[in-house]
Amino acid sequence: MHKKITIVGAGNVGTTTAQLIAEKNLADVVLIDVVEGIPQGKAIDIQEACPLWQSSVKVTGTNSYDDTANSDIIVVTAGLARKPGMSRDDLLQANARIIREVAENIARTSTQAIIIVVTNPMDAMAYLTQRVTNFPHNRVIGMGGVLDSTRMRSFIAQGLNIFPKDVQTIVLGSHGDLMVPLPRLTMAGGKRITDILSESKIKMIIERTKNGGAEIVGLLKTGSAYYAPAASVVEMIEAILGIKNDPLPCSVYLDGEYGVKGVYLGVPIRLSSRGVDKIIELELTEDENQAFIASAEAVRGLIKKIKVL
Ligand code: NAD
């Protein structure tokens with residue numbers, strides 16, 4: 001029997017995530033949205049591709065949370081995306097209202113689900129989702145670090161003309177302007193990038209990583225990135241399903257880890273069928289630690305501003 005994954009929000013990130021789940025034959029998918037017809041139409045379209053992918057999953061679309069009942073995993077992508085010139089934080093109040101309603105419905109219909117929060121500003125929305133559902137912290141996780149890290153890997157691989165699989169990196173902290181890339185721990189072709197790339201080149205890669213989302217928003221003009229975000233969500237789903245087991249940077253509730261308490265922030269974790277299995281505590285340098293704390297304070301500031309909390 002397939003697991004059941006609900007995707008809330010049948011927009012760009014939601015439907016691309018649904019497509020990848022179906023294509024990889026990972027789980028049955030329910031797409032839900034407030035707009036009538038869109039989740040149903042997208043679901044039929046994806047379902048019709050399944051024979052060609054040799055996939056046996058069921059894909060359905062709905063406007064009713066009753067159809068999402070007892071989901072194993074719920075991916076929350078409902079909400080507004082950025083427009084050119086907007087930061088992720090500009091979406092705070094509008095998306096908080098949407099997330100509150102979504103979280104109330106999830107808590108009513110899928111009490112045992114693991115929730116992956118994608119909607120921006122993601123760390124604050126993950127916090128809000130946990131508070132509204134009152135689910136254990138290990139079952140509410142935000143997606144941000146996987147995306148920021150894959151962006152950085154891709155820029156390094158392009159810069160060095162090597163395969164992305166030979167680049168390992170990790171981006172910690174908030175999924176926002178104060179994210180914390182760690183060049184010190186970034187390896188390319190078995191070597192530290194700090195040994196093979198100039199300081200100015202590394203600075204450029206870090207800046208491009210921090211602006212990775214804005215770069216795409218600026219070009220698209222009417223939406224934000226969704227292929228790499230959806231692939232990042234699926235990476236987390238595969239870890240939850242036990243198909244992959246590498247540690248991943250995800251936004252989780254910190255209760256003293258890294259010296260931070262009471263916010264959601266990106267750190268390396270191990271995922272399993274229980275959700276967050278383990279938070280991995282890396283030793284940070286003084287500068288990295290300061291950047292991490294600044295990131296935590298920025299998220300704390302956003303959380304304080306949420307009117308529907
Ligand atoms: P989109 O506009 O394409 O899709 C959003 C969908 O949400 C729409 O179909 C809309 O009808 C639906 N929606 C709105 N209110 C809803 C509600 N109350 N219940 C159910 N559905 C509702 O946007 P997108 O590009 O898919 O992005 C979705 C969100 O994900 C945005 O907030 C964006 O900023 C965020 N995002 C986060 C990351 C990340 O790394 N965390 C990456 C990309 C996008």
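**Around the ligand**

Modeller: Happy to! A backbone N or O atom of Val13 lies 2.8 Å from an oxygen atom of the ligand, which makes a polar contact (a pair of N or O atoms within 3.5 Å). This is a predicted model, where local features need pLDDT of at least 70, side-chain atom pairs count only at pLDDT 80 or more, and totals for chains, interfaces and linings use all residues. Residues are numbered from 1 along each chain as its sequence is written, and side-chain values use heavy atoms, with hydrogens and water left out.

Colleague: Nice. What does a nitrogen atom of the ligand reach in Met143 and in Glu101?

Modeller: In Met143 a polar backbone atom is 2.8 Å from a nitrogen atom of the ligand. With Glu101, an N or O atom in the side chain is 3.1 Å from a ligand nitrogen.

Colleague: And how much of the ligand does the protein bury?

Modeller: The protein buries 87% of the 870 Å² that the ligand exposes when taken alone. Those areas come from the Shrake-Rupley method with a 1.4 Å probe.

Colleague: How many residues surround the ligand?

Modeller: There are 29, and the closest are Asn12, Val13, Asp33, Leu80 and Met143.

Colleague: Which helix gives the largest share of the shell?

Modeller: That's α3, with 4 residues. Both α1 (12-23) and α3 (92-109) supply at least two residues each. Helices are DSSP runs of H or I with at least four residues, and strands are runs of E with at least two.

Colleague: Switching topic: what order do the strands take in the open sheet of 3 strands?

Modeller: The order is β7-β10-β11, with antiparallel pairing. β7 (167-168) and β11 (191-192) are at the edges with a single partner strand each, so one side of each has no neighbour in the sheet. Strands pair if DSSP finds at least two bridges between them, and β10 (residues 187-188) and β11 have 2. Met187 has Arg192 in β11 as its bridge partner.

Colleague: What do β13 and β14 form?

Modeller: A hairpin, with 2 residues between the strands. β13 (residues 261-272) and β14 (residues 275-279) run antiparallel, joined by 4 bridges. Ile269 stands opposite Ile279 in β14.

Methods. Near = heavy atom within 4 Å. Polar contact = N/O pair within 3.5 Å; in protein donor to acceptor, adjacent residues only side chain to side chain.
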